[in-house]
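Biologist: Hi, could you walk me through this one? I have it open on my screen and would like to go over it with you.

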Amino acid sequence: ILFLTSTVTKSQEFSFGFTAGLNMSTISSANNESGLKIGYDIGGIGQYKINEKSNLCANLCLSTKGQQYSNITDNQNTHAKVYHTTSLYYINLPILYQYMFKDIVGLEIGTSLEFCLGGNDKSRIGNEPWNTEKFKKGTYSPIDLGITLGAFTKDLGQSAFNNIFIGFRYTFGLINIEKEVGRNTNRCASISIGYIIEQPLKKH
């Protein structure tokens, strides 16, 4: 998922806004049966301006992750293609340090704390209907922790719309989210767009 912001005036140290975007995620595991899954993220953003070049940024968002893949099964000399989709739903709280190299371009690094709300696994053989199975409590780790790297732009618009920003982030999980089948960790690349709400809090 990917989030960032800009300070509207020099006197404003706190800024708030909202973001929405798409992500491509997978679950890295010992076996090779994993593939990219398209998801989304949506939420809010807050930023504290340290100085003209540096910011602290925090997001709170809903994000969908998981994986999808297919393989060929051999049943009584009959070959059939089997499709698998794993969907996981998270509340994400990334906290990042941002540094501006140019007026509208910057880099960011930090950590992301994620809380799993649940998920499901869908599978089907050939053109048969999908079979959906909700995960039982404890199937996946309720908490994930990751390292996030990103790049962003800001002030892309003109006049009243100069608080638009776009960013790209990559997060790699550190926690084994499914211990029963080896080591499995989240991997997620995201791109997002957002807007800073006018009249953020000012420091007096």
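Modeller: Happy to. One term before we start: a residue is called buried under 20% relative accessible area, exposed over 50%, and partly exposed in between. Also keep in mind that this is a predicted model.

Biologist: Good. How many helices and strands does the chain have?

Modeller: There are zero helices and nine strands. Read from the N terminus, the order is β-β-β-β-β-β-β-β-β.

Biologist: Which way do β1 and β9 pair, parallel or antiparallel?

Modeller: Antiparallel, over 13 bridges, with β1 covering residues 14-29 and β9 covering residues 184-196. As one example, Phe18 has Tyr195 in β9 as its bridge partner.

Biologist: And what about β8 and β9, how many bridges join them?

Modeller: Nine, and these two strands also run antiparallel, β8 being residues 164-173. Phe168 has its bridge partner in β9 too, namely Ile191.

Biologist: Switching to rings. How many aromatic pairs are there?

Modeller: The count is five aromatic pairs. One of them is Phe14 with Tyr48, a tilted pair with 5.0 Å centre to centre and 50° between the planes. Phe14 belongs to strand β1 and Tyr48 to strand β2 (residues 37-49), so this pair ties together parts that are 34 residues apart in sequence.

Biologist: Is Phe14 buried, exposed or partly exposed?

Modeller: Partly exposed, because its relative accessibility is 34%, which falls between the 20% and 50% cut-offs. Tyr48 counts as partly exposed as well, at 28%.

Biologist: What about the rings of Phe18 and Tyr195, how are they arranged?

Modeller: Their centres are 6.4 Å apart and their planes meet at 45°, so that pair is tilted. It links distant parts of the chain, with Phe18 in strand β1 and Tyr195 in strand β9, 177 residues apart. Phe18 itself is partly exposed, with a relative accessible area of 44%.

Biologist: Now charges. Which ring does the charged end of Lys65 sit over?

Modeller: The ring of Tyr90, at 5.6 Å from its centre. Arg124 lies over the face of Tyr83, 5.2 Å from the ring centre.

Biologist: My eye landed on His84. Where is it, and what is it in contact with?

Modeller: His84 is in strand β4, residues 78-100. Setting aside neighbours within four places in sequence, His84 is in contact with Gln67, Gln68, Tyr69, Asn71, Lys122 and Ser123. His84 counts as buried because its relative accessible area is 18%, and the cut-off for buried is under 20%.

Biologist: How many disulfides does the search find?

Modeller: Zero, over the whole structure. Cys57 is buried, with a relative accessible area of 1%. Cys116 is buried too, at 18%.

Biologist: Last topic, the chain overall. What share of the residues counts as buried?

Modeller: Of the 204 residues, 42%. The accessible surface comes to about 11400 Å², and 60% of that belongs to carbon and sulfur atoms.

Biologist: And of the contacts between residues at least 6 apart in sequence, what share joins residues at least 24 apart?

Modeller: That share is 66%.

Biologist: Great, thanks for the tour!

How values were computed
Residues are numbered from 1 along each chain as its sequence is written. This is a predicted model: local features need pLDDT of at least 70, side-chain atom pairs count only at pLDDT 80 or more; totals for chains, interfaces and linings use all residues. Side-chain values use heavy atoms; hydrogens and water are left out. Two strands pair if DSSP finds at least two bridges between them. Helices (H or I, at least four residues) and strands (E, at least two) are DSSP runs, numbered from the N terminus. Rings of Phe, Tyr and Trp (its six-membered ring) pair if their centres lie within 6.5 Å; planes under 30 degrees apart count as stacked, over 60 as edge-to-face and the rest as tilted. Buried means under 20% relative accessible area, exposed over 50%, partly exposed in between (1.4 Å probe, protein chains only). A charge sits over a ring if NZ of Lys or CZ of Arg is within 6 Å of the ring centre and within 35 degrees of the ring normal. Contact means heavy atoms within 4.5 Å. Accessible areas come from the Shrake-Rupley method with a 1.4 Å probe; for residues, only the protein chains shown count as cover. A disulfide is a pair of cysteine sulfur atoms within 2.5 Å.
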